[in-house]
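Morning, everyone. Today I'm talking about salt bridges. Please have a look at the slide.

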Amino acid sequence: MKDRFIKHLEKELADIRDAGLYKNERIIVTPQRADIEVEGSEQEVLNFCANNYLGLSDNSRLIEAAKHALDERGYGMSSVRFICGTQDLHKELERAISDYFHTEDTILYAACFDANGGLFEPLFTEEDAIISDSLNHASIIDGVRLCKAKRLRYANADMADLERCLQEAKDCRFRIIATDGVFSMDGNVAPMDKICELAEKYDALVMVDESHSAGVVGKTGHGVAEQFDCYGRIDIFTGTLGKSFGGAMGGFTTGPKAIIDMLRQRSRPYLFSNSLAPSIVGASIEMFKMLAESDELHTRLMENVEYFRSKMLEAGFDIKPTQSAICAVMLYDAKLSQDFAAEMQKEGIYVTGFYYPVVPKGQARIRVQLSAGHNRKQLDRAIDAFIKVGKKLGVLKEA
């Protein structure tokens, strides 16, 4: 059986390679930042595919805070929270997250995948309904699958289709609308004001995953509630500490105290996973202090996004509309996206091609992620490389 199974997997892997869809991992041998060194490359490359939106992954202040927490609270917890895995630092970070999102309480997870995976099952039953955007992250999809509630799906950011689902779920005990704040492949922002209006019309709860929106969208980067003035109308936020908020790991759910209390009692990823390491928690606390002191990083990020996107459109690239730090350069062909990324690395630009099943068939792209850590010279270098490779591969027509 084992030999037959291994041969089966080897054939499937060969088919993936033959189709040009095999995912190779490029090994970084420096800290995560705007300019990195990749194993096997003779030159330094510019990184345009990390979720390091505020450029904090190698921030010296956060590194010092992590070292201090390591010295004061140790390396790891060796336990789950409710047994003996809760330190004062965990509670302090939960309070900081609650303050940031204007909520009553917060629960920490090892990752946002766990936060979303452990959200729905403890709160909803077969009497209830979960209404999910069609482009929601895989973690929301998996979390919904673990719950016995009725499942409905609406077309991405389509309010007429959302209303159809709400009408279909009108006889359920409780209804909750679940959406990403920023959709990670396209970079578009969920219309939270309109979602909240429909939720109030049909008496539904609202949950939003802020992983790609917190630190990015909104006047001061506080996410979709700030952008659409929806504080008090969004019931549950989930998010990550692994993108804008320092780039390490860790996730959270924040919202009404009763919801958070129930998750502490019944959410399986929380109950059966080790607590976040003290060094990560200590650095995350310091990160929220930094963001409270100044909006400089968010302002720089938004200036970079506007500059890069305008120059790419001017060059003739097909760019998805975006209000976030994600810029989807559409190529449509899966193999072309891989070839394009490989050529870009030769030019010293580190980007990744995305294709099915990460995005729908025929929607392959290069997803560029801008950072406050990029300077104007680096942006220009990336734009020049895109134009050069675009002409070489026939994406752009020669003048």
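Where do D15 and K11 lie, and how many residues apart? Both sit in helix α1, residues 2–18. They are 4 residues apart, about one turn of the helix. Helices here are DSSP runs of H or I, at least four residues, and strands are runs of E, at least two, numbered from the N terminus.

Some ground rules. This is a predicted model, where local features need pLDDT of at least 70, side-chain atom pairs count only at pLDDT 80 or more, and totals for chains, interfaces and linings use all residues. Residues are numbered from 1 along each chain as its sequence is written, and side-chain values use heavy atoms, with hydrogens and water left out.

Back to our pair. The D15 and K11 side chains form a salt bridge, N to O at 3.1 Å. The term means a side-chain nitrogen of Lys or Arg within 4 Å of a carboxyl oxygen of Asp or Glu. By this rule, the count is 28.

Next, R173 and D128. Their salt bridge is 2.8 Å, N to O. This pair links distant parts of the chain, 45 residues apart. R173 is in the loop between α7 and β6; D128 is in the loop between α5 and β4.

Buried or exposed? D128 is buried, at 0% relative accessibility. R173 is partly exposed, at 38%. Buried means under 20% relative accessible area, exposed over 50%, partly exposed in between, with a 1.4 Å probe and protein chains only.

Third, helix α6. D142 and R145 both lie there, 3 residues apart. Their closest N and O atoms are 3.3 Å apart. D142 is partly exposed at 28%, and R145 is exposed at 55%.

Last, a network. Salt bridges link R81, K91, E94, D105, K257, D261 and R264.
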